[in-house]
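Open the model in your viewer and let us walk through it together, one selection at a time. Start with everything shown as a cartoon.

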Amino acid sequence: MSLPLPGPMSLVPFVSVETMMRIVLEQGVERILVDLAAYIEEDFLRWEQFDKTPRVAAHSPEGVIELMPASDGRSYGFKYVNGHPRNIRTGRQTVTAFGVLADVETGYPVLLTEMTILTALRTAATSAVVAKHLAPKGAKVMAMIGNGAQSEFQCLAFKAICGIDTVRLYDIDGKATEKAARNLAGKGLTVVPCASAEQAIEGAQIITTCTADKQYATILGDNMVGSGVHINAIGGDCPGKTELHRDILARSEIFVEYPPQTRIEGEIQQLAPDHPVTEIWQVMAGKAPGRRDGTQITLFDSVGFATEDFSALRYLRDILASRQDLQMLDLLADPDDPRDLFGMIERYGKAVEAA
Ligand SMILES: NC(=O)c1ccc[n+]([C@@H]2O[C@H](COP(=O)([O-])OP(=O)(O)OC[C@H]3O[C@@H](n4cnc5c(N)ncnc54)[C@H](O)[C@@H]3O)[C@@H](O)[C@H]2O)c1
């Protein structure tokens with residue numbers, strides 16, 4: 001006698017790291033970044049439809065574990081993500097993630113996926129789509145400070161979405177810069193490894209900081225930042241973890257994702273709780289100005305918000321619709337009689353005995 005197979009309602013599509021890598025290779029990184037950016041912008045444009053909350057963070061001396069939920073009333077998504085800067089010492093990544101998209105009407109998950117790669121893609125796509133609204137016109141050169149896991153994705157997103165043709169790389173660990181330069185070779189960017197942050201920002205119209213250190217770090221000092229640049233600050237995303245000198249913030253026009261979360265986690269945790277900031281969705285929707293002139297310093301104080309993950313999950317669900325080779329996980333109990341969950345175990349036990 002054979003064991004009962006899981007019913008159709010028990011199965012949820014599952015995207016493993018391997019499947020995600022296949023998707024990225026098949027679609028091409030830059031195409032995914034461009035398509036993802038469109039989904040992210042589309043969701044920022046319907047910002048008011050979303051049920052939003054600052055992410056739920058569990059802090060420890062070494063890092064943070066966070067849950068990031070968002071819903072548009074039809075679908076509900078959440079991401080589990082960690083941030084542990086010292087993990088690389090034991091061969092682990094600083095950031096790993098997975099997530100779920102669910103149907104609000106039934107509460108049933110419709111997708112379970114790895115989100116470590118997806119987070120790198122969505123963070124880069126978000127940075128670049130925001131820079132499209134804030135960076136100086138005709139920007140071609142970006143300084144990329146912090147050359148870890150996120151960095152190549154950032155560089156390629158700025159190439160594909162903003163037209164950057166040169167990246168100037170710097171990391172306190174020269175091996176990270178070598179790795180990023182190697183990965184970016186032949187990808188259509190002029191890559192300039194630099195020996196200091198000061199050297200990296202020479203001639204750059206966009207400065208991306210994407211370092212990982214659980215402290216109030218000063219990756220950019222006040223005298224390093226001239227007028228007219230756009231700063232894309234990615235790495236300061238936790239209480240007590242920032243990258244920019246406070247004086248830079250005072251000279252910048254600051255743009256954020258969701259103020260209730262950014263005021264806790266972003267660079268602006270260094271400022272008064274009522275310091276003026278502009279919500280980036282308002283710029284995208286034409287309700288607030290972005291860059292006004294060529295001398296302004298614009299700062300995207302990015303912490304990563306749940307709607308961006310929701311957009312990424314929505315994008316993934318849409319491209320999976322045409323795939324035949326999806327792995328299905330037996331994730332949800334599906335008894336013949338929905339109220340007979342207990343009996344389902346008993347019947348399974350009998351089938352195991354008889355088999
Ligand atoms: N805003 C967002 O949406 C978002 C999303 C993902 C990750 N992050 C954050 O981005 C940061 C980078 O993530 P990652 O996955 O690339 O981490 P990673 O550990 O792979 O890379 C970080 C790099 O920063 C370098 N670094 C540390 N201090 C430095 C300094 N003072 N100057 C120059 N380089 C320095 C390290 O040597 C390392 O190579 C993390 O802090 C992470 O929490 C933010």
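The radius of gyration used here is taken over C-alpha atoms, and the rule for a globule is 2.2 Å times the number of residues to the power 0.38. For 355 residues that rule gives a value near 20 Å, and the chain has 22 Å, so the chain agrees with a compact globule. Keep in mind as you look around that this is a predicted model.

**Whole chain.** Colour by secondary structure and you will find 11 helices and 17 strands. Along the principal axes, the C-alpha atoms fill a box of roughly 75 × 40 × 40 Å. Buried residues make up 41% of the 355. Among contacts with a separation of 6 or more, 72% are between residues 24 or more positions apart.

Where the two touch, domain 1 brings 22 residues and domain 2 brings 26 residues. Now select helix 2 (residues 29–45): on the domain 1 side of this contact, helix 2 gives the most, with 10 residues. By class, that side of domain 1 has 13 nonpolar, four polar and five charged residues.

**Around the ligand.** Which residues come nearest to the ligand? Select T94, G148, A149, A176 and G304, which come nearest of the 30 residues around it. Sorted by class, the shell has 13 nonpolar, 13 polar and four charged residues.

**Helix 5.** Move on to residues 174–184, which form helix 5, and show the side chains of T177, A180 and L184, which are buried. Why do these three lie on the same side of helix 5? They cover an arc of only 65 degrees around the axis, so they share one side. In general, an α-helix has 3.6 residues a turn, so residues three or four places apart point the same way. Now turn to the other side of helix 5, where G174, K175 and R182 are exposed. To see what covers the buried residues of helix 5, display helix 4 (151–162), strand 8 (166–170) and strand 9 (190–193), which are included in that cover.

**Last stop.** Just after helix 5, pick G186, which takes a positive phi of about 75 degrees.

Terms used: Residues are numbered from 1 along each chain as its sequence is written. This is a predicted model: local features need pLDDT of at least 70, side-chain atom pairs count only at pLDDT 80 or more; totals for chains, interfaces and linings use all residues. A residue is buried if 20 or more other C-beta atoms lie within 10 Å of its own, exposed if 12 or fewer, and partly exposed in between; C-beta atoms are placed from the backbone. Helices (H or I, at least four residues) and strands (E, at least two) are DSSP runs, numbered from the N terminus. The arc is that of the directions from the helix axis to the C-beta atoms. Two residues are in contact if their C-beta atoms, placed from the backbone, lie within 7 Å. A residue is near a molecule or strand if its C-beta atom, placed from the backbone, lies within 6 Å of it. Ala, Val, Leu, Ile, Met, Phe, Trp, Tyr, Cys and Pro count as nonpolar, Asp, Glu, Lys and Arg as charged, and the others, Gly among them, as polar.
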